[in-house]
Amino acid sequence: MKWAVSLGAPLGAVGLGAGIARYAPLDGPLALAWGQHLVVPLWVTLMCILPLQKSVARAWLLCLGLAAPGLVGLMQGVFG
């Protein structure tokens with residue numbers, strides 16, 4: 001569980017922040033600011049929520065699910 005919290009929380013927070021910056025219905029700089037400024041609160045929230053999960057797999061799936069929009073946006077930007 002320790003690895004899911006220490007590695008998964010920042011990855012999930014940054015991925016979700018990138019997804020917000022990519023898909024928010026706002027102007028470019030405003031969406032980027034929202035995405036960047038939400039990373040730290042999301043990180044802290046995940047650091048508090050992940051240890052409460054019943055299993056390590058559930059914690060990693062939560063992190064992956066939150067990071068998925070950012071990863072999809074990154075792949076669309078690179079390959080699109």
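A crossing of two helices is left-handed if the near helix is turned anticlockwise from the far one by less than a right angle, and right-handed if it is turned clockwise. By this convention H1 passes H3 in a right-handed crossing, and the crossing of H1 and H2 is right-handed as well.

The model is predicted: local features need pLDDT of at least 70, side-chain atom pairs count only at pLDDT 80 or more, and totals for chains, interfaces and linings use all residues. Residues are numbered from 1 along each chain as its sequence is written, and side-chain values use heavy atoms, with hydrogens and water left out.

**Overall architecture**

The protein chain has four helices and zero strands, and its elements run α-α-α-α from the N terminus on. Helices (H or I, at least four residues) and strands (E, at least two) are DSSP runs, numbered from the N terminus. Taken along the principal axes, the C-alpha atoms fill a box of roughly 40 × 25 × 15 Å. Of the 80 residues, 28% count as buried; buried means under 20% relative accessible area, exposed over 50%, and partly exposed in between (1.4 Å probe, protein chains only). Among contacts between residues at least 6 apart in sequence, 74% join residues at least 24 apart, where contact means heavy atoms within 4.5 Å.

**Helix packing**

Two packed helices are described by the angle between their axes and the distance between the axes. Axes are lines fitted to C-alpha atoms, for helices over the stretch in contact, and angles run from 0 to 180 degrees between N-to-C directions.

| Helix pair | Axes come within | Crossing angle |
|---|---|---|
| H1 and H2 | 7 Å | roughly 165° |
| H1 and H3 | 8 Å | roughly 145° |
| H2 and H3 | 4 Å | roughly 30° |

Angles under 35 degrees count as roughly parallel, over 145 as roughly antiparallel, 65 to 115 as roughly perpendicular and the rest as oblique. H2 is therefore roughly parallel to H3. Gly35, Gln36 and His37 of H2 make this contact with Val39, Val40 and Pro41 of H3. Its residues comprise three nonpolar, three polar and no charged; Ala, Val, Leu, Ile, Met, Phe, Trp, Tyr, Cys and Pro count as nonpolar, Asp, Glu, Lys and Arg as charged, and the others, Gly among them, as polar.

H1 and H2, in turn, are roughly antiparallel to each other. Here Gly17, Ile20 and Ala21 of H1 meet Ala31, Leu32, Trp34 and Gly35 of H2, a set of five nonpolar, two polar and no charged residues.

Between H1 and H3, the residues on the H1 side are Val5, Ala9, Pro10, Gly12, Ala13, Val14, Leu16 and Gly17, which meet Val39, Leu42, Trp43, Leu46 and Met47 of H3. By class, this contact has eleven nonpolar, two polar and no charged residues.

**Nonpolar core and an exposed leucine**

A nonpolar core is a set of buried Ala, Val, Leu, Ile, Met, Phe, Trp, Tyr and Cys residues joined through side-chain atoms within 4.5 Å. The largest one has nine residues: Ala4, Val5, Ala9, Ala13, Val39, Leu46, Leu50, Ala59 and Cys63. Leaving aside neighbours within four places in sequence, Ala9 is in contact with Ala4, Trp43, Leu46, Met47, Leu50 and Cys63.

Leu11 also lies in H1 (residues 2–23), but counts as exposed because its relative accessibility is 56%. The C-alpha atoms of Leu11 and Leu64, 53 residues apart along the chain, are separated by 8.3 Å.
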